[in-house]
Amino acid sequence: MTKAAVVVFPGSNCEHDAVLGLELAGATASLVWHTERDLTGFDLVVLPGGFAHGDYLRPGALAVISPVMAAVSAFAERGGPVVGICNGFQVLTEAGLLPGALQKNDHLSFNCEDATLIVANDRSSLTQGVAKGTKLSIPINHFSGSYVCDAETLMHLQNNDQIVLRYAVNPNGSLDDIAGVCNEAGNVVGLMPHPERACSSLLGSVDGLVLLRALVEASVFA
Amino acid sequence: MAAPSLEPIHRQLGLTDAELDLVIEVLGRQPNHLELALYSVMWSEHCSYKSSRIHLRRLPTTGDRVLVGPGENAGVIDAGDGIALAIRIESHNHPSAIEPYQGAATGVGGILRDIFTMGARPIAVMDPLFFGPPTSPRQRWLLEGVVSGVSGYGNSVGVPTIGGELTFDPCYAGNPLVNVLCLGALPTERLVLGIASGTGNLAVLLGSRTGRDGIGGVSVLASAGFSADDDQSKRPSVQVGDPYEEKRLIEACLALLDEKLVVGIQDLGGAGLVCATSETAARGRVGMDVDVDAVPTRESGMEPWEIMTSESQERMLAIVTPEGLARVQELCARWEVRATVVGRVTEPAIGSDGEPLGVLRIRHGFDGPIVAEVPASSLADDAPLYERPLARPADLDARHADRPEALPEGDVAAELLQMLRDPVWVYRQYDHQLFLNTVTGPGSNAALLRLAGPGLPPSTRGFALTTDSNPRWCSLDPRAGTALTLAESIANLACVGSTPAAVVNCLNFGNPTHPEVMWQLSESIDGLAEACRAFELPVIGGNVSLYNESAGVDIDPTPVLGLLGLVEHVAARPPVRAWAAGDSVLLAQLPEVSTSLGGSRWAREVRGHSGGILASLDAPAHAELCGAVAALVANGVAGGEQLLTAVHDVSGGGLGVALIEMALASNVGLGTSLEASATSLFGEGPSRFILGTRKVAEVTAAIEAAGGRVVMLGVAGGDNVAFGDVSIALDDARRASSALLEEATV
């Protein structure tokens with residue numbers, strides 16, 4: 001069975017939810033404390049949502065120097081699937097594992113609501129095998145989710161098929177409606193929406209399972 | 001703080017001359033300055049409930065499910081499957097009036113600590129908020145600050161805010177109300193109380209350093225009203241919150257409790273360290289020796305009275321055994337939480353009856369000189385109780401006689417649009433989904449959550465929460481108004497299929513030295529007590545906030561009720577407010593319908609009229625009708641056939657507002673033959689539900705079997721809501737409902 005590591009920084013708060021989502025998608029998942037230096041034995045790594053180190057300085061800025069991040073980088077370099085959700089996305093951009101940055105929402109307030117996403121690539125570890133153009137209903141929950149990068153980077157992202165998800169209706173001012181991106185290899189993915197919050201019809205949507213199942217599948221071949 | 005004063009020191013600290021005499025009698029000597037400071041905060045209205053306690057005794061507090069009733073940090077009920085729920089409601093009105101962001105943020109932080117003190121993980125917050133009309137810049141500043149404060153702290157600390165209330169009325173312009181309810185869940189065997197025991201055990205202060213913020217918050221701020229120039233001079237009495245510190249404190253404390261390393265634990269809230277040490281010592285009837293020099297401080301040179309009364313946030317006091325200390329420090333280090341031994345449990349004093357008595361000693365150094373020594377229970381429990389004079393307001397009879405029913409009819413459609421208000425601007429700023437429990441969240445009749453969370457035994461049960469208040473009703477008749485408010489809460493829970501289990505209350509009233517205010521408080525408590533007995537519900541916790549006044553004018557009586565209900569089995573979502581085209585829309589009510597425009601939103605908000613009399617409540621019939629609706633909904637929620645497609649109780653704004661809200665939620669209109677008059681559309685009263693269904697006969701039979709009556713309102717369809725000849729387009733209604741808040745906050 002696929003073994004997932006869910007990294008916990010002090011201030012993370014979606015780690016239990018990420019574990020539940022991954023388990024529903026068919027993996028076993030364990031919490032990994034931020035001082036760990038070894039991710040041996042795990043097939044995929046998730047950086048969950050929350051406020052790592054209180055979001056002090058900038059969201060994600062201090063998490064970069066947590067000891068676990070060296071292991072996450074090494075895991076990514078070997079081609080292992082790494083997914084950052086919300087605050088985890090912010091950590092991955094701060095760590096330089098993904099291009100661009102997440103700024104405050106253009107309306108300058110926190111926003112928790114359902115969003116319609118459009119799958120924009122089918123080669124990332126989170127969307128492998130999911131048809132481009134698939135519409136997914138998945139909640140967003142963030143203050144700093146407006147994706148920005150310079151024009152050259154944006155063109156690079158577009159030309160290299162690195163835009164993973166777009167918003168159907170842009171909720172935060174993100175460039176090119178970007179909700180998620182991946183690295184060139186496609187194994188490292190960051191997204192602002194929370195797929196783990198859309199894994200039960202009781203809670204309103206099971207569309208998050210489409211992404212998490214693709215991730216669990218992808219890790220088998222990684 | 002205030003300008004230099006020639007007042008004696010005890011009066012500057014908020015103690016009356018008679019209270020000083022009582023302190024001298026208790027101690028058998030003059031108190032020193034430190035001791036005087038301890039009594040002034042512990043005997044403040046906020047900490048001691050000295051004006052309300054004799055009245056609160058009339059509330060029923062026991063029930064089969066009650067594990068912990070009022071008097072502890074939170075009430076606790078047995079929710080089944082080895083899971084207990086801890087619940088509490090608090091006010092943070094006065095700090096929020098001065099510094100809205102921090103006032104609201106620390107209100108959330110404070111109540112979370114009350115919950116995890118009991119061993120429960122906080123899993124839900126609700127925030128009933130009351131402001132003046134949002135058309136003024138100051139009210140917008142307050143509203144935006146408070147909502148950002150709840151959002152900034154609650155989202156970051158990782159507790160979903162699943163609902164609340166938003167009320168605008170001129171009476172709150174000078175004194176907004178910010179109430180916060182928190183619910184936590186725990187494996188029943190982890191339940192722990194704030195009691196010190198075991199001579200030789202250690203008192204360990206966890207969390208933040210102690211600073212000069214919030215000194216005298218309970219006595220200076222929360223126990224006096226506001227005058228014109230107060231809001232600047234009182235700002236240093238507001239505390240500053242740090243949700244990141246609190247998040248680590250929650251995790252550290254729950255880890256300590258999981259390993260059974262804690263003998264007793266108490267949060268530091270109002271009145272800070274003196275409150276936590278004296279309450280744990282008084283409950284345990286032990287001595288508590290505190291080394292004031294051991295307390296980590298944010299700045300040097302803090303005086304003992306400052307250290308003992310500081311309300312610096314994010315601190316807890318744990319009583320641990322000397323053998324357990326090393327492991328406690330290890331776990332706290334993992335969560336980067338400071339843990340410092342600041343005191344120890346010592347032998348109690350012996351009272352005149354020969355029984356052990358708690359005693360609080362404050363020393364310089366563990367075996368150093370004693371700088372204060374007082375009986376702990378005298379601080380915690382023996383504040384003077386006031387039976388303040390009561391007086392029925394002199395103008396009440398004239399107000400009752402001045403019926404809004406006599407007002408001339410206006411443009412009903414325009415008036416209806418004026419009452420629409422969509423609070424989505426508020427709740428989309430709150431994380432309301434964390435922990436994957438929220439089946440229905442804010443914007444619904446009541447919040448319905450799965451009974452689940454990290455570390456809990458598995459369960460398919462659920463629980464429901466609602467907060468309700470109606471100051472318009474309560475200003476006309478606090479007794480009946482409070483009872484009607486509880487009836488509305490029960491109706492809200494019925495809409496999500498839930499059976500009510502326990503009540504908490506936050507009693508927001510004016511200045512208790514005004515006899516009219518004390519009459520309102522006493523009547524409201526009697527109304528709540530009567531209604532709780534009628535509905536067989538225990539009150540398991542509460543908070544009283546007095547001195548809500550501005551420039552000598554008291555707020556309307558505002559008892560806020562939180563009602564917790566249980567759901568046996570949650571397998572499917574309940575119907576929401578939205579019907580589908582073709583659904584039959586029914587009104588379920590009692591055979592004898594009682595509604596009134598007295599105290600209605602229409603009278604107050606549209607016509608500026610505050611007279612009249614209230615609708616009457618038939619509690620047994622109401623309970624039966626709500627039970628029938630709850631059973632219909634619960635059957636579908638449990639996985640059986642859901643006969644209802646939509647459900648909404650009729651409350652503030654009457655039938656007209658309820659029907660438009662449902663039409664907007666579904667984006668499908670409805671034609672009715674309801675008379676387009678204020679009485680018909682805006683009259684308010686209990687025991688009415690709007691139900692959407694395709695199974696009219698079965699639903700009707702279920703309602704009638706419970707003694708109710710069903711009226712067919714129409715079949716859903718189109719893009720208008722019509723009342724006879726008067727028709728309102730959904731597009732107009734949508735614009736109107738979002739106008740007030742969106743415009744107010746651009």
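Two strands count as paired here if DSSP finds at least two bridges between them, and helices (H or I, at least four residues) and strands (E, at least two) are DSSP runs numbered from the N terminus. The views below come from a predicted model, where local features need pLDDT of at least 70 and side-chain atom pairs count only at pLDDT 80 or more, while totals for chains, interfaces and linings use all residues. Residues are numbered from 1 along each chain as its sequence is written, with chains lettered from A and ligands numbered from 1 in the order in which they are written.

**View 1. A parallel pair in chain B, with a helix on the way across.**
Strand E4 (residues 121-131) and strand E5 (residues 161-168) of chain B run parallel and are joined by seven bridges. To find your place, look for B:Pro128, which stands opposite B:Glu165 in E5(B). Between the two strands the chain passes through H8(B), and this β-α-β crossover is right-handed; that is, with the strands pointing away from the viewer, the path from the first strand over the helix to the second runs clockwise.

**View 2. Where chain B meets chain A.**
Here 24 residues of chain B are in contact with 20 residues of chain A, contact being C-beta atoms, placed from the backbone, within 7 Å of each other. On the chain B side, the elements that give two or more residues are helix H8 (137-157), helix H11 (243-258) and strand E16 (438-440). That side has ten nonpolar, eight polar and six charged residues. For this tally Ala, Val, Leu, Ile, Met, Phe, Trp, Tyr, Cys and Pro are nonpolar, Asp, Glu, Lys and Arg are charged, and the others, Gly among them, are polar.

**View 3. Helix H11 of chain B, up close.**
H11(B) has 16 residues and reaches 22 Å from its first C-alpha to its last, close to the 22 Å expected at 1.5 Å a residue; the expected span is 1.5 Å times one less than the number of residues. Because 14 of its 16 residues are buried, H11(B) is largely enclosed by the rest of the structure. Buried means 20 or more other C-beta atoms within 10 Å of a residue's own, exposed means 12 or fewer, and partly exposed is in between, with C-beta atoms placed from the backbone. After the helix comes B:Lys260, with a positive phi near 55°.

**View 4. Strand E3 of chain B, covered on both faces.**
Nine of the nine residues of strand E3 (residues 83-91) of chain B are buried, so this strand is largely enclosed by the rest of the structure. In a regular strand the side chains alternate between the two faces of the sheet. In E3(B), B:Ile83, B:Leu85, B:Ile87, B:Ile89 and B:Ser91 are buried on one side, and B:Ala84, B:Ala86, B:Arg88 and B:Glu90 are buried on the other. Strand E2 (residues 75-80) of chain B runs antiparallel to E3(B), joined to it by five bridges, with B:Val76 bridged to B:Ala86. E2(B) and E3(B) make a hairpin with two residues between them, and B:Asp81 in the turn has a positive phi of about 55°. Nine bridges tie E3(B) to strand E6 (residues 177-187) of chain B, again antiparallel, and B:Arg88 sits opposite B:Cys182.

**View 5. The surroundings of B:Gly343.**
B:Gly343 lies in strand E11 (residues 339-346) of chain B and is buried, with 31 other C-beta atoms within 10 Å. Not counting residues up to four places away in sequence, B:Gly343 touches B:Ala203, B:Thr277, B:Met288, B:Asp289, B:Val290 and B:Asp291.

**View 6. An open six-stranded sheet in chain B.**
The strand order is E16-E17-E18-E23-E19-E20, with mixed pairing. E16 and strand E20 (539-545) stand at the edges with a single partner strand each, so one side of each is left without a neighbour in the sheet. Neighbouring strands are turned by 20° against each other on average, direction ignored; axes are lines fitted to C-alpha atoms, for helices over the stretch in contact, and angles run from 0 to 180 degrees between N-to-C directions. Strands E18 (residues 462-468) and E23 (residues 558-567) of chain B pair antiparallel over seven bridges, with B:Thr466 partnered by B:Leu563. Helix H20 (residues 478-494) of chain B packs on the sheet, touching E18, strand E19 (499-508) and E23, and its direction makes about 30° with that of E23(B).

Key
Two residues are in contact if their C-beta atoms, placed from the backbone, lie within 7 Å.
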